Amino acid sequence: MPANWTAPRTWVDLKTVTAADLNEQVRDNLLWLKERPIANESDFDGTFFNTTSSTWQDTGADAALTTTGGRVLVVAFGGVYVGGSSTAAHLTLYQDGSNVGNATEGMMQARNPANALYSPFAIVYITPAAPTAAAHTWKLYMKSSDNAANVYIRAYQMWAIEIGA
């Protein structure tokens, strides 16, 4: 796979196009699109994670990816159960050990007004800048709003893909 996307040329009249030009502009960029780094993980077999803690807890869901210098799209979705009607489940992503959401609220919260129901959750995140070309890990974290009622992730899927500059 080519290491990086090559910015398309602006072609001019009477320019002689060589095999190397076409290979760089067409073949290599198509290969980069087809083979760019992707990582995914899922669990659909029962309760995956639960906590009553009001501090951020690593759920164990992650996507590890070695990037080539482009921005990354990270998606996590699934079902969350909130054990009390006044409790919220807060979810966020950590990139390489740092919370990329709000320090208190995270990236989203789920409440259960009808008590004992699962609710869908989804987080879609694009890195604001391209991480360095290296190995990176995105992890899903969760906490309970009141340190008493259980919050659960029942099923989830998480993935990350490098999307370019």
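Predicted model: local features only at pLDDT ≥ 70, side-chain atom pairs only at ≥ 80, totals over all residues.
The bend at a residue is the angle between two fitted axes, one for the seven residues ending there and one for the seven starting there. H1 spans residues 19–35, and at Asp28 the helix bends by about 25 degrees. Its buried residues are Asp21, Gln25, Asp28, Asn29 and Trp32, and E10 is among what covers them.

Now look at the charged residues around this helix. Side chains of opposite charge can pair when their charged atoms come close. The model holds five salt bridges. In one of them, the side chains of Arg9 and Glu24 meet at 3.7 Å, N to O. Arg9 sits in the segment before H1 and Glu24 in the helix itself, so this pair ties together parts that are 15 residues apart in sequence. Arg9 counts as partly exposed because its relative accessibility is 34%, and Glu24 is partly exposed too, at 29%.

Asp21 and Lys15 make another salt bridge, also listed at 3.7 Å, N to O. Here Asp21 is buried, with a relative accessible area of 8%, while Lys15 is partly exposed at 40%. Salt bridges that share partners join Arg9, Lys15, Asp21 and Glu24 into one network. Arg27 is partly exposed, with a relative accessible area of 42%.

Trp5, Trp11, Val17, Leu22, Val26, Leu30 and Leu33 make a nonpolar surface patch of about 650 Å². One of these, Trp11, lies in the segment before H1 and counts as partly exposed because its relative accessibility is 40%.

Strand E3 covers residues 57–66, and Thr66 belongs to it. Is Thr66 buried or exposed? Thr66 counts as exposed, because its relative accessibility of 53% is over the 50% cut-off. Leaving aside residues up to four places away in sequence, Thr66 touches Pro37, Ala134 and Ala135. Thr66 and Thr137 are 71 residues apart in sequence, yet their C-alpha atoms are 8.6 Å apart in space.

Notes
Residues numbered from 1 in each chain as written. Heavy atoms only, no water. Helix = DSSP H or I, 4+ residues; strand = E, 2+ residues; numbered from the N terminus. Buried < 20%, exposed > 50% of the residue type's maximum accessible area, 1.4 Å probe, protein only. Contact = heavy atoms within 4.5 Å. Patch = residues over 30% accessible without salt bridge, like charges linked within 9 Å, V, L, I, M, F, W, Y side chains within 5 Å. Areas by Shrake-Rupley, 256 points an atom, 1.4 Å probe, with all protein chains shown as cover. Salt bridge = Lys/Arg side-chain N within 4 Å of Asp/Glu carboxyl O.
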